[in-house]
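Student: I would like to learn how to read the features of a model. Can we work through one together?

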Amino acid sequence: MGNPFASEVALVMDGERRVLKLTLGALAELEAALGEDTLVALVSRFEAGNFSSRDVLKLIVAGLRGGGWQGRAEDLLQAEIEGGPMAAARAAALLLARAFMLPERADDAL
């Protein structure tokens, strides 16, 4: 499932386990991609269940890049995500939660 103490989330895409992590650079890229002034707005949307598939895709891309992936968002349009869209949305939500969680509370997001 990824290392929650390192703010990581695991996702299986096209049969390959990938580690996602929101680094500072990935967060900055995410803000620009979503056109949000702050990530608080994005976190609020996820907490309220008001997120779109575009939000999920952009979060997954940012997390993959933070984990060292060199691909493009377009590469994911045909990707097979184990567990489907709900697994992707859960991974995106966990990614956000773990990025802003204090280390001693990281296991609470499991």
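Student: In which sense do S1 and S2 pair?
Tutor: Two strands pair if DSSP finds at least two bridges between them. Strands (E, at least two residues) and helices (H or I, at least four) are DSSP runs, numbered from the N terminus. Here S1 and S2 pair in the antiparallel sense, over six bridges. Val9 has Leu20 of S2 as its bridge partner. Two residues lie between the strands of this hairpin, where Asp14 takes a positive phi near 50°.

Student: What should I know about the source?
Tutor: This is a predicted model: local features need pLDDT of at least 70, side-chain atom pairs count only at pLDDT 80 or more, and totals for chains, interfaces and linings use all residues. Residues are numbered from 1 along each chain as its sequence is written, and side-chain values use heavy atoms, with hydrogens and water left out.

Student: What span should helix H3 have?
Tutor: The expected span is 1.5 Å times one less than the number of residues. H3 (residues 53-66) has 14 residues, so it should span 20 Å; its end C-alpha atoms are 20 Å apart, which agrees. Just after H3, Gly68 takes a positive phi of about 105°.

Student: Which residues of H3 are buried?
Tutor: Buried means under 20% relative accessible area, exposed over 50%, partly exposed in between (1.4 Å probe, protein chains only). In H3, the buried residues are Asp55, Val56, Leu59, Ile60, Val61, Ala62, Gly63 and Leu64. They pack against strands S1 (8-13) and S2 (16-21), and helices H1 (24-34), H2 (39-48) and H4 (84-99), with contact meaning heavy atoms within 4.5 Å.
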